[in-house]
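Trainee: Could you go through this structure with me, a bit at a time? I would like to learn how to read it.

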Amino acid sequence: MSSPFLNLPLSLTNALQQAMPAALYQTLLTQCTAVTLLNQGLSNQNYLLSCVAGDKVLRVNHHNDWCDRALEVECWRCAIAANIAPKLEWVSQDKQFYLSDFIDQPQGEWGLLASMFGHLTARSPLAATHINADKVSLLVHLFTSLSQLPVPSKTITITEQWQQYAKQLHGLSHQQHSASWQQGWQTLQNMNVRIRHWLSQLESCVLLPIFCHRDLSPHNLLLHTQPHCEGDAQAKLYCIDYEYAVASHPLFDLASAIATHQLTQQQVDTLTHKVIVQYCQSASLTDVAAAKAAMPAAINCFWLFSAMWALLMAATAPDEDTLTMSKYIKFYNQYLAMIH
């Protein structure tokens, strides 16, 4: 009888057979009972491998020029050591394939907390009641753990990130014939004075860069409960997807979490206060008042970078692929609308 593992695309199983240690490949052949595509993104695909001895996630990375895979694995392994990331069982030599533990979420899927809104926008009073856990405490604990990780070897300031995106967009602008794309790029250029003000406010309140995941949306967090433990006290959040992780501004991760989580205003205020106090005590930020005053700028920068990313993706779509171009222009407009 054929192994369910062989239900993966033939080209993929052939590549895995060449890249994997023979013993590991044979184990997957004999233990895998089902294969399910979890998600398919621009930079990677993830497959759930249901296995007798424990489910696994196989990640297949696509080639790109912006992601340092060696740094990604370095950051992931640091998070594993701190017990806030799934165990990474195998990495191919060329970093194209990762095999990690699958984290079940019996208390509720954290990704369902995802929402899109700007800072101080009215929120639903029924915000994410399906997660039976103290969301703020779990997030605060995660921020504590992330801030204590070794500082990555690569540093990108908020200003440098903006400059990198702007340089790429400027280079692509000469090749773009889409009126909607050019309009989007002109809108960003017209915002330069406002953007420089946000950047100045942020850079003036930071003392030291720290480990920064840079994409703490609910889709990149897993609510994990240790085996044989019950209740919220034993639950914790795990991070996945370290493609963007670098040393950067302490407020950027907090901004990304606030911008993308469905939380009440009281939860946002409590989370902001606790995390900022923690950063100030560790000397990552100048003082509590300055950091709190800079939070609107941090959230605006998060949405700004999201919009710039979407415009970059639109520019790299094939000329004949108008649907992809339109999709990313739509994302661009949605993200830009979040800026206040």
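Predicted model: local features only at pLDDT ≥ 70, side-chain atom pairs only at ≥ 80, totals over all residues.

Trainee: Okay, let's start with a helix. Which residues of H1 are buried?

Mentor: In helix H1, which runs over residues 10-19, the buried residues are Leu-12, Thr-13 and Leu-16. Looking down the axis of H1, you find these buried residues within an arc of 95°, so they line one face of the helix.

Trainee: And what does the face turned away from the buried side carry?

Mentor: On that face of H1 sit the exposed residues Leu-10, Ser-11 and Gln-18.

Trainee: What covers the buried residues of H1?

Mentor: The cover includes helix H2 (22-31) together with the strands S2 (44-51), S3 (56-61), S4 (88-91) and S5 (97-101).

Trainee: Since you mention S2, where does Ser-50 lie, and is Ser-50 buried or exposed?

Mentor: Ser-50 belongs to strand S2, and because its relative accessibility is 17%, under the 20% cut-off, Ser-50 counts as buried. If we leave aside neighbours within four places in sequence, Ser-50 is in contact with Gln-31, Cys-32, Thr-33, Ala-34 and Asp-55.

Trainee: Changing topic to helix pairs, how do H9 and H10 cross?

Mentor: The axes of H9 (residues 265-281) and H10 (residues 288-315) come within 9 Å and cross at roughly 130°, and the two helices are therefore oblique to each other. The crossing in which H9 passes H10 is right-handed.

Trainee: Which residues make that contact?

Mentor: From H9 the contact uses Thr-272, His-273, Ile-276, Val-277 and Cys-280, while H10 brings Val-288, Ala-291, Lys-292 and Met-295. Sorted by class, the residues of this contact of H9 with H10 are 6 nonpolar, 2 polar and 1 charged.

Trainee: What about H6 and H11, at what angle do they cross?

Mentor: Helix H6 (residues 179-190) and helix H11 (residues 322-337) have axes that come within 10 Å and cross at roughly 25°, which makes H6 roughly parallel to H11. The crossing of H6 and H11 is left-handed. The contact is made by Ser-180, Trp-181, Gly-184, Thr-187 and Leu-188 on the H6 side, and by Met-325, Ile-329, Tyr-332 and Leu-336 on the H11 side. By class, this contact of H6 with H11 has 6 nonpolar, 3 polar and no charged residues.

Trainee: Now something on the backbone. What is the phi of Arg-214?

Mentor: The phi of Arg-214 is near 75°, a positive value in a residue other than glycine. As background, most residues other than glycine have a negative phi. Arg-214 lies in the loop between strand S6 (210-212) and strand S7 (221-225), and Arg-214 is buried, with a relative accessible area of 14%.

Trainee: And where is Ala-283, and what is its phi?

Mentor: Ala-283 is found in the loop between H9 and H10, and Ala-283 has a positive phi of about 70° although it is not a glycine. With a relative accessible area of 36%, Ala-283 is partly exposed.

Trainee: Last one, what does Ala-235 touch?

Mentor: Ala-235, which is in strand S8 (residues 235-239), is buried with a relative accessible area of 9%. Not counting residues up to four places away in sequence, Ala-235 touches Gln-107, Leu-138, Leu-223, His-224 and Thr-225. Ala-235 and Asp-104 are 131 residues apart in sequence, and their C-alpha atoms are 12 Å apart in space.

Methods:
Residues numbered from 1 in each chain as written. Heavy atoms only, no water. Axes fitted to C-alpha atoms, helices over the stretch in contact; angles between N-to-C directions. Helix = DSSP H or I, 4+ residues; strand = E, 2+ residues; numbered from the N terminus. Parallel < 35°, antiparallel > 145°, perpendicular 65-115°, else oblique. Left-handed = near helix turned anticlockwise from the far one by under 90°. Contact = heavy atoms within 4.5 Å. Nonpolar A, V, L, I, M, F, W, Y, C, P; charged D, E, K, R; others polar. Buried < 20%, exposed > 50% of the residue type's maximum accessible area, 1.4 Å probe, protein only. Arc of directions from axis to C-beta.
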